[in-house]
Amino acid sequence: MLKVNSNKILLAIRIVTLGILLFPIWGSSQMPSLAKLVVKSNPSHAQINLNDQPTDRVTDAVFVVAPNTYKVSVSGSANCGDNTVTLQSGETKTLTCSGGSWTVQ
């Protein structure tokens with residue numbers, strides 16, 4: 001007859017339960033893909049603001065961001081007021097400030 005240690009069985013059950021809680025096998029456990037926001041200007045080297053906050057970046061710059069809506073402005077060598085852009089998961093959008101207005105690609 002087999003001898004079974006109840007402590008080992010309880011430990012195995014706890015490990016399996018913890019694994020299921022931490023790494024569920026049902027549904028989607030993946031995080032959404034990030035998005036890319038490219039900010040350019042003519043002339044370049046303009047200060048970039050995101051959501052009314054200055055960044056430490058100047059144009060031309062690429063930001064890897066979470067999918068969301070962002071308010072972008074630039075000042076300095078080029079000046080463009082606020083432009084609001086919404087990025088979806090995996091999407092890339094390029095904003096270019098030239099002559100005081102924005103183009104979006």
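This is a predicted model: local features need pLDDT of at least 70, side-chain atom pairs count only at pLDDT 80 or more; totals for chains, interfaces and linings use all residues.
Numbering starts from 1 along each chain as its sequence is written. Local features need pLDDT of at least 70, side-chain atom pairs count only at pLDDT 80 or more, totals for chains, interfaces and linings use all residues, and side-chain values use heavy atoms, with hydrogens and water left out.

**Exercise 1.** Work out the order of the strands in the open sheet and find its edges.

*Solution.* Start with the strands (DSSP runs of E, at least two residues, numbered from the N terminus). Pairing takes at least two DSSP bridges between two strands. Four strands then line up as E4-E1-E7-E8, with mixed pairing. E4 and E8 (101-104) each have a single partner strand, so one side of each lacks a neighbour in the sheet. Next, zoom in on E1 and E7: they run parallel, joined by seven bridges.

**Exercise 2.** Which residues have the most contacts inside the largest nonpolar core?

*Solution.* Collect buried Ala, Val, Leu, Ile, Met, Phe, Trp, Tyr and Cys residues joined through side-chain atoms within 4.5 Å; buried means under 20% relative accessible area, with a 1.4 Å probe and protein chains only. The largest such core has 19 residues, and Leu37, Val39, Phe63, Val72, Val74 and Trp102 have the most contacts inside it.

**Exercise 3.** Locate the disulfide and say whether its cysteines are buried or exposed.

*Solution.* Cys80 sits in strand E6 and Cys97 in strand E7, 17 residues apart. Finally, accessibility: Cys80 is buried at 4%, and Cys97 is buried at 1%.

Definitions and conventions
Buried means under 20% relative accessible area, exposed over 50%, partly exposed in between (1.4 Å probe, protein chains only).
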